[in-house]
Amino acid sequence: LLARITFTADSADLSGEAKASLDALAAQMKANSSRVHVEAFAGAPGDTSSAARRNALRRALAVRTYLGAQGIDSSRVDVRALGGAPDGPADRVDVKALAG
């Protein structure tokens, strides 16, 4: 896990702490050609409703857009909106390294 970005309920706004984590991640990504996988969660555990998935997608896209503003090409950021998280904080985005 490269970064875990948490959100307030029903929000896709990045906090100052989230931006600092993403700034550090962008600096790492600029040093190589790595790609990342963004898994976004929203809603109660196991919630796969369209509302939960849409909120999760908004969060994932906020992370990708922020990384893009830091100079990271969007083709290096895979996005997946999953709805409710099975574990851990419900309102979060996990950024993981992609092999290759």
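Q: Which strands does helix α2 lie across, and at about what angle does α2 run to β3?
A: This is a predicted model, where local features need pLDDT of at least 70, side-chain atom pairs count only at pLDDT 80 or more, and totals for chains, interfaces and linings use all residues. Residues are numbered from 1 along each chain as its sequence is written, and side-chain values use heavy atoms, leaving out hydrogens and water. Helices (H or I, at least four residues) and strands (E, at least two) are DSSP runs numbered from the N terminus; axes are lines fitted to C-alpha atoms, for helices over the stretch in contact (heavy atoms within 4.5 Å), with angles from 0 to 180 degrees between N-to-C directions. Helix α2, residues 50–69, lies across β2, β3 and β4, and runs to β3 at about 165°.

Q: Which strands stand at the edges of the open sheet?
A: The sheet has four strands in the order β1-β4-β2-β3, with mixed pairing (two strands pair if DSSP finds at least two bridges between them). Two of them have a single partner strand each, so one side of each is left without a neighbour in the sheet: β1 (3–6) and β3 (77–81).

Q: How many bridges pair β2 with β4?
A: Strand β2 covers residues 35–41 and β4 covers 92–98, and they pair in the antiparallel sense. Along the way, Val-38 has Val-95 as its bridge partner, and Phe-41 stands opposite Arg-92. The bridge count for β2 and β4 is seven.

Q: What is the bridge partner of Thr-6 in β4?
A: Strands β1 and β4 run antiparallel, joined by four bridges. For Thr-6, the partner in β4 is Arg-92.
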